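Please open the model in your viewer and keep the selection panel at hand. The stops below say what to select next and what is there.

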Amino acid sequence: MGRGIWQNREFAFYLWIAFFNAFTDLGHKIIIQNGLFKHYDGTELRLYTAIIQALILLPFVMTFTPAGFLSDKYPKERIIQVCAVIALPITMLITYCYYQGYFWLAFGCTFVLGIQSAIYSPAKYGYIKEMLGKEKLSAGNAAVQAVTVCAILGGSFIYTIFFEMLIDPQAKTLAEMLQSVKYVGWLLIAGTLVEIYLAFHLPRKRELDPSLRFHFTKYIKGKYLAENLKNAWSSEGIRLSIIGLAIFFALNQVMLSTFGAYLKEVSQITDTRIANGIMLLGGIGLILGSFIAGKISKNYIETGLIPIGALGLGICLLVLPLLSNIWWLGILFTIYGIFGGMLSVPLNALIQYFAKDNQMGQVLASNNFVQNIVMLIFLAG
């Protein structure tokens with residue numbers, strides 16, 4: 001991906017921020033999902049898993065206009081810093097819920113974390129172009145995707161291990177389960193504190209744009225929604241990339257929300273370490289695919305990887321229902337991840353490449369909006 005990117009001290013701080021942000025968000029979700037996995041079966045498990053996925057997706061739909069506006073008006077590192085600070089009281093509340101056994105309040109806090117992530121996302125991805133320029137977009141996106149997936153892998157593994165080690169086998173209710181694993185809340189707080197420290201080391205790349213004004217009435221009437229989508233949709237390169245990413249992430253969302261129940265039914269496996277471990281192999285594959293895309297692209301965007309990635313994903317999805325052995329499922333998830341990385345890295349880079357600098361936040365927020373609308377439709381189906 002180029003030694004220059006990995007040796008760039010400023011970009012290194014940025015990558016660590018992306019890591020701890022994903023690590024913390026994923027950690028709470030894993031605790032809640034594992035509790036649901038232990039307590040429910042069949043239709044109920046699928047329903048509650050789908051609901052928690054929806055709680056993560058809905059904020060991206062609801063806040064996409066203000067999130068894009070904030071990213072375009074204010075320096076992006078300032079948005080990242082503010083969002084990092086906001087995460088601290090949220091993780092403190094979540095930890096309090098763990099100690100008190102307030103499972104459903106902790107469940108609802110997933111939505112609050114989703115709002116923080118939705119505001120943070122356009123600034124996070126828009127900052128790549130400001131730091132690295134157009135010529136390093138593929139390499140930068142590959143690095144960010146690889147680091148984010150590493151955080152997801154690490155978070156899934158660490159929080160699942162703590163969950164299985166701490167959970168009281170005699171716990172009968174969700175509240176008792178949550179109380180027995182209460183100490184993991186301090187890990188959430190620690191990760192947030194590290195993220196805050198790193199965020200305030202990011203350099204300023206541009207100043208506030210005083211010409212931008214947010215009109216609440218225009219927002220309520222949906223005029224911002226129409227304008228932002230029009231700006232994103234006016235470029236064929238952006239439009240097709242958004243559609244491609246939306247379908248890819250929607251398929252992933254369905255797999256994540258149903259795989260636990262599927263594994264429980266076809267293989268009678270109830271250990272969350274095995275269920276999450278198989279899905280983690282998909283993350284390892286995604287890292288490998290991201291590195292492959294970054295290595296091939298170097299100083300340009302290799303669009304030839306997109307049809308290869310799409311074809312590979314399609315074949316994997318056709319084979320998946322035919323397998324029940326955990327080893328073969330693990331191999332398939334790894335291959336699926338590799339093709340996913342090869343597809344998503346150039347698509348993300350193309351969106352940032354074609355977006356105008358003064359509309360970057362709007363375009364990236366529109367990308368989030370479309371992706372999450374499609375993911376919600378797939379979940380509902």
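**Aromatic pairs**

Begin by selecting Tyr-353, which at 36% relative accessibility counts as partly exposed, a class that lies between buried (under 20% relative accessible area) and exposed (over 50%), with a 1.4 Å probe and protein chains only. This is a predicted model, in which local features need pLDDT of at least 70 and side-chain atom pairs count only at pLDDT 80 or more, while totals for chains, interfaces and linings use all residues. Residues are numbered from 1 along each chain as its sequence is written, and side-chain values use heavy atoms, with hydrogens and water left out.

The ring centres of Tyr-353 and Phe-354 are 5.3 Å apart and the planes stand at 85 degrees, so the pair is edge-to-face. Rings of Phe, Tyr and Trp (its six-membered ring) pair if their centres lie within 6.5 Å, and planes under 30 degrees apart count as stacked, over 60 as edge-to-face and the rest as tilted.

A search of the whole structure finds 17 aromatic pairs. For another of them, select Tyr-14 and Tyr-127, whose ring centres are 5.8 Å apart with planes at 50 degrees, so this pair is tilted. Tyr-14 lies in helix H2 and Tyr-127 in helix H6, so the pair ties together parts that are 113 residues apart in sequence; helices are DSSP runs (H or I, at least four residues), numbered from the N terminus. Tyr-14 is buried at a relative accessible area of 1%, and Tyr-127 is buried at 0%.

**The largest pocket**

Next, select Arg-273, Ile-274, Gly-277, Ile-278, Leu-281, Ile-326, Trp-327 and Gly-330, which line the largest pocket. A pocket is, on a 1 Å grid over the protein atoms alone, an open set of points with protein on both sides within 12 Å along at least five of seven lines, and lining residues have an atom within 4 Å of a point. The volume of the largest pocket is about 150 Å³, taken as the space filled by probe spheres set on the points, which are joined across faces, edges and corners. Helix H13 (272-297) and helix H15 (326-354) each supply at least two residues of this lining, and the largest share, five residues, comes from H13.

**A charge over a ring**

Finally, select Lys-182 and Tyr-99: Lys-182 lies over the face of Tyr-99, at 5.8 Å from the ring centre, where the criterion is NZ of Lys or CZ of Arg within 6 Å of the ring centre and within 35 degrees of the ring normal.

Technical notes. 1 Å grid on protein atoms, 1.4 Å probe; cavity = no way out; pocket = protein on both sides within 12 Å on 5 of 7 lines; lining within 4 Å.
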